[in-house]
Amino acid sequence: MMREESIRIPFRFAAGRAGSRMLAALRDDKQILGSHCPVCVRTLAPARPFCPECGGENLKTVELGSGAVLVSWTDMPGRGLFALVRPDGADTAMIHKLLGQSGDFHIGARLRAVFAAERRGHIADLQGFEPDPGSAA
Amino acid sequence: MRPAAIIGTGQTDHGRCRDDVSQPELIREAANRALADADISPADVDAVVLANMEMFEGRALPELWVGEGAFANRKPCLKVATGGTSGTSSCIAGFHQAASGLFDVVLVIGFEKHSEGHTQTGMALTDPFWDRGVASGALGNFALSISQYMAERGVTREQAARVAVKSRRNAAMNPHAHLKDANATIEDVMSSRVLAHPVRLMDMCPQSDGAAAIVIASAEHAAKLCSRPAWIKAAATRHEQPYIGDIDRRLLTMRTLRDAAQSVYARTGIREPLKQLDVAEIYEPVTYAELAWYEVLGFCAEGEAGRLIEDGITEMGGELPVNPSGGVLCANPVGATGVIRVAEAAAQILRRAGAHQIDGARTALATGYGVYAWADALILGSTP
Ligand SMILES: [Zn+2]
């Protein structure tokens, strides 16, 4: 005998101080924020409340560029292209979508961020990254 | 700390869908087999440790429903849930309980019934802000690392396919394995469906229904109950930064696994793992990870993993057989998967591995892998 059912789980999560700054900047300014840890001398993307490496809370919020470098990518049939991209000014990568065709991308390629016209304070306000035609790389 | 050893192991017959049993019954199947293997009764068990990913099956507090299957009634019962490492971490928790003097006999059980839930949903219910909505799931995350590994170390699709072939061939000798094929070929793997470039179906571990259990006993009890216990010589666990983008070249560097392995090697006098280990049961979620982690675990130099698999060094008859059981690629009930690694390593020392026994195995490595880059490592040996 089998019992079949699906459950719906309502939720509401606080984005927190750093997360809220990051989401507001995406929505209001089409701006990606990062956090610089002076101890690790490393700029993290996206912005966050404490350094994941040393645990320090003394982080400086920095504005990252809308240009980025493709760190790695994959193509999932039926789901699209996903990538780790390193925004200009950051030392770490963000996971996000790639906009284009498989053949458009190679590791190390220059990309640029694409923002949604309607933005609501969500990571998807940043729609993804596309090849940067203005770049020789 | 006092010595502690594994004196019995038990596994279900893992498969795609075990509709014939409920979750408590599935667990009882593994628990009964482990207790029979250790030749003890449920009353001899002082404490129980459970490993499971509760959201994968869409129900909370699994210990409430399945605890009785694990003989936990009126005993201390602890649940460990750390993604893929849950199984190895629960074995380490049980080891700490026995080695610390807290308990004499500990039953560790991991399980998962993937067929009863929705694993992708469970995975998606992690970070609600930066992962959900843009994340590619476990599969896509591996694929992202693999693109880097191939580009940097020159590992080929064919070398990865050899790992899948070895795994399925070994699994054919393991009665508990889910996927078995003594005649699998490199071409079969390379022509299987693309899941996430460059990962194909046969490169990736399955989702299985299954449970696995081990019995850990303190030195005094182990010596009394077992003629040839599998002593837990050293264990280490390492967590990592939580966001996938924070870890540079994750699959290649896997610094958590490197650190955990170096820690257990140092405590057991292992300087040349390839020579000094007799067998390894490593948690390889995808073929390419097995190759990358040959390097991380010190079986070979960086960039040499492809040669290791091509030369048959890690085959059943090679210098260091890796995953004689068929590994994670052939059975993956996630909460149980780490317990299976430890149980298989222990069975080799106990000389109870059956058709996939490695002759004369005295020193074994078991590893765990979880979430983006968490790692466990254990060394088992035939002497305390
Ligand atoms: Zn820091």
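**Domains, interfaces and buried pairs**

Guide: Let's start with chain B, where the domain assignment gives domain 1 (4-117 + 208-230) and domain 2 (119-205 + 233-381); such bounds come from an automatic or database domain assignment. Before going on, note that this is a predicted model, where local features need pLDDT of at least 70, side-chain atom pairs count only at pLDDT 80 or more, and totals for chains, interfaces and linings use all residues. Residues are numbered from 1 along each chain as its sequence is written, chains are lettered from A and ligands numbered from 1 in the order in which they are written, and side-chain values use heavy atoms, with hydrogens and water left out.

Visitor: How do I read the interface between the two domains of chain B?

Guide: The size of an interface is often given as the accessible area lost when the parts come together. Buried area here is the accessible area (1.4 Å probe) that two parts lose on being put together, summed over both. For domain 1 and domain 2 of chain B that is about 3,200 Å², with 65% of it on carbon and sulfur atoms. In terms of contact (heavy atoms within 4.5 Å), 45 residues of domain 1 of chain B meet 43 residues of domain 2 of chain B. The C-alpha centres of these two domains of chain B are 22 Å apart.

Visitor: How many salt bridges cross between domain 1 and domain 2 of chain B?

Guide: A salt bridge is a side-chain nitrogen of Lys or Arg within 4 Å of a carboxyl oxygen of Asp or Glu. By that rule there is 1 salt bridge across this domain interface of chain B. B:Arg352 also forms a salt bridge with B:Asp37, with the closest N and O atoms 3.0 Å apart.

Visitor: And what about chain A against chain B: how many residues touch?

Guide: Here 36 residues of chain A are in contact with 31 residues of chain B. About 2,800 Å² is buried between chain A and chain B, and carbon and sulfur atoms give 65% of that. The rule finds 2 salt bridges across this interface. B:Asp246 and A:Arg48 pair up in a salt bridge at 2.6 Å, N to O. The elements giving two or more residues to the side of chain A that touches chain B include α1 (16-29) and β4 (67-76) of chain A; helices (H or I, at least four residues) and strands (E, at least two) are DSSP runs, numbered from the N terminus. β4(A) gives the most, with 6 residues.

Visitor: Which residues of helix α12 of chain B are buried?

Guide: Buried means under 20% relative accessible area, exposed over 50%, and partly exposed in between (1.4 Å probe, protein chains only). In α12 (residues 287-296) of chain B, 10 of its 10 residues are buried, among them B:Trp293 and B:Glu295. The cover over α12(B) includes α5 (137-153), α10 (255-267) and β10 (363-370) of chain B. After α12(B) comes B:Gly298, with a positive phi near 80 degrees.

Visitor: What does B:Glu295 form a salt bridge with?

Guide: Its partner is B:Arg153, with the closest N and O atoms 2.6 Å apart. The two link distant parts of the chain, B:Glu295 in helix α12 and B:Arg153 in helix α5 of chain B, 142 residues apart. Both B:Glu295 and B:Arg153 are buried.

Visitor: How far apart in helix α6 of chain B are B:Glu158 and B:Arg162?

Guide: An α-helix has 3.6 residues a turn, so residues three or four places apart point the same way. B:Glu158 and B:Arg162 are 4 residues apart in α6 of chain B, so about one helical turn separates them. They form a salt bridge, with the closest N and O atoms 3.2 Å apart. B:Glu158 is partly exposed at 34% relative accessible area, and B:Arg162 is partly exposed at 27%.

Visitor: Why does B:Ile109 count as buried?

Guide: B:Ile109 counts as buried because its relative accessibility is 0%. B:Ile109 lies in strand β4 of chain B. Leaving out residues up to four places away in sequence, B:Ile109 touches several residues, including B:Ile27, B:Val49 and B:Ala212.
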